[in-house]
Amino acid sequence: MSRCRRINRMALGEARTHGRVFTVLNIILGVGCLLQCFVGATADILDSNVSDVGCILLCVGALMGPVFVVGVFREMHNRQQSDVVYALPMSAGERYVSKLLALVYLHILPVAVWSGIAALTTALADKGYRYNDWFYRTYECFSPDMCGKVFAVLIAGMMFLDAIAVVCSVCCGRLAEIHYLTYLAVIAVSAAPLLLRAQLMEKIGGQVVKPGLVYFRWTLSLLAWDDNASLGMYVKVCLVNCLISVAVMALVFLVYRRRDAGAAGKPIVSRIFFELVLACGLVAYYALLLFAISPAAAIALAGVVYLVIHIISFRGILSGTKIVLWTVKFFVTTAAFILLLWVAFATDGFGAIRYVPTRDMDGACIKVDTEWDYYEDPRNCILYAGPYSYDWDTGQYSYKANDVWVYGMRIPRRDVSDWKVREVIKIFQKYAADRNKDFSAFLDFFMNGCETANGFERDRVCTLKIWFRGADGEDTVMAQDVRMTSVQAHNMMQEIRELGFLNDGNTAVQNTAVQP
């Protein structure tokens, strides 16, 4: 019998032992598929709850991966099963491939087939249905692009969760550790990049644009990605996610081949994996609570949880030396995170404060404003130019061929070229980056949320917004919110005003006509 046939027979035999759970999975996926197909074919907004239930059932089926992984790799935590499996006349590579193939038969293939049927049926039955919400915004229901995006995200999320579960099953020898480390790793790996970006780039660099593609290379948070991205881009991103998941499952074989029957029942088999998961979890935790609670309280709470996890997962004789060693590891990890924060602070959010779009911004709309004091004329605190019209009641911008209205006064529309936009950005970012960056200023910023420049507190919020047409024809927004001192804000506005192509309230042309 050839090796491939032997591996396939082992995989099918393994799959048959999970018949009940496999049946439950297919019932869940089948009902979800039927509900989604029904709503997709009718495109009736009255049946939106039915569609919600169908999507939820498909997602539940996709998230059942750890159940099958634990069952397929049961010899990793069950001593009796390990004695039987390791006695079989098969190499470690053949055993591992048969386990992964069984996982494909039991979980990956059913989820892909049922969700693919639902997506394909809904896309082919597209009625072109549109509806307006209470705010009169138009939405597309069950369009082919939406179906393709949801299918791609579902498959990528399923592969990501299965890969994490395989890693935890191989690197742990006790069922409790497999379960809680799986979900801890999923949360940490998904949240850490986004939270770090939010805290290190947005808080320091003032960037409030959506995260870029790099933050979704391998994550369960693809649903938080840009809704305006094309179907092709979604497919590429999700394909990269799936390939990384496959690569991770392949690399885990390096740990699997070193395991023997005696490792079953041992809480942690790979200490490197365990420390990496805890370190990643600590980074995500610190990034989440960085500006929410006192740093001392956050560190103390993290230290308690860190030590408790180590004590629970430790099987030997507990001693003071072990606790001291774990405490040192905790403070080393915390110190490394603080050093990362300092580097981010000293480099203005890793250069985020000087971000400039690479795309041509001809015909863009620019708006620069600062906070004003009670006794200050607000018209002195806003500069505006470009072929957009702003509705102050709804807060919406739109392209207009006529003049612009600001504070009840008509401002002649002025087209802004790309180089003019970049001149404004350069001046704004020059003042935004001009602050104290020594270690004491860093501590003052993260402990008290206080920025200083030349001995004065930066207490004025200054905003730069640029609207321009993207490559896809949709409006693209670049936005920065930073703090400056009163002197910096005044000088910055004066320098931009001297460029001569932006309007403010004092240069507006008075017009008695009715405002459109």
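Phe350 counts as partly exposed because its relative accessibility is 45%; in this scheme buried means under 20% relative accessible area, exposed over 50%, and partly exposed in between (1.4 Å probe, protein chains only). The residue is placed in the loop between α13 (320-346) and β3, where helices (H or I, at least four residues) and strands (E, at least two) are DSSP runs numbered from the N terminus. Phi of Phe350 is near 55°, a positive value in a residue other than glycine. Most residues other than glycine have a negative phi.

The model is predicted: local features need pLDDT of at least 70 and side-chain atom pairs count only at pLDDT 80 or more, whereas totals for chains, interfaces and linings use all residues. Residues are numbered from 1 along each chain as its sequence is written, and side-chain values use heavy atoms, with hydrogens and water left out.

A positive phi is also found at Asn454, which is not a glycine and has a value of about 55°. Asn454 sits in the loop between β9 (452-453) and β10 (456-457). With a relative accessible area of 60%, Asn454 is exposed.

The protein as a whole has 16 helices and twelve strands. Of its 516 residues, 45% are buried. Among the contacts with a separation of 6 or more, 74% are between residues 24 or more positions apart; contact means heavy atoms within 4.5 Å.

One helix pair illustrates the packing. Two packed helices are described by the angle between their axes and the distance between the axes. Helix α4 (residues 65-72) packs against helix α7 (residues 144-171) at an angle of about 35°, and their axes are 9 Å apart. Axes here are lines fitted to C-alpha atoms, for helices over the stretch in contact, and angles run from 0 to 180 degrees between N-to-C directions. From α4, the contact is made by Gly65, Pro66, Val69 and Val70, and from α7 by Leu161, Asp162, Ala165, Val166 and Ser169. By class, this contact has six nonpolar, two polar and one charged residues; Ala, Val, Leu, Ile, Met, Phe, Trp, Tyr, Cys and Pro count as nonpolar, Asp, Glu, Lys and Arg as charged, and the others, Gly among them, as polar. Helix α4 is mostly covered, with seven of its eight residues buried. These buried residues are Gly65, Pro66, Phe68, Val69, Val70, Gly71 and Val72.

Among the strands, β11 (residues 460-469) contains Thr463. Thr463 counts as buried because its relative accessibility is 11%. Its side chain is joined to that of Asp481 by a polar contact of 2.7 Å. A polar contact is a pair of N or O atoms within 3.5 Å; within protein, one must be able to donate a hydrogen and the other to accept it, and residues adjacent in sequence count only if both atoms are side-chain atoms. Leaving aside neighbours within four places in sequence, Thr463 is in contact with Lys367, Val368, Asp369, Phe428, Gln480 and Asp481.

The loop between β3 (365-370) and β4 (382-385) holds Glu371. At 39% relative accessibility, Glu371 counts as partly exposed. The C-alpha atoms of Glu371 and Ala489 are separated by 8.9 Å, although the two residues are 118 residues apart along the chain.

The cysteines remain. The count of disulfides comes to zero, a disulfide being a pair of cysteine sulfur atoms within 2.5 Å. Cys33 is in no disulfide, and the nearest cysteine sulfur, that of Cys37, is 3.9 Å away. Cys33 is buried, with a relative accessible area of 2%, whereas Cys4 counts as exposed at 63% relative accessibility.
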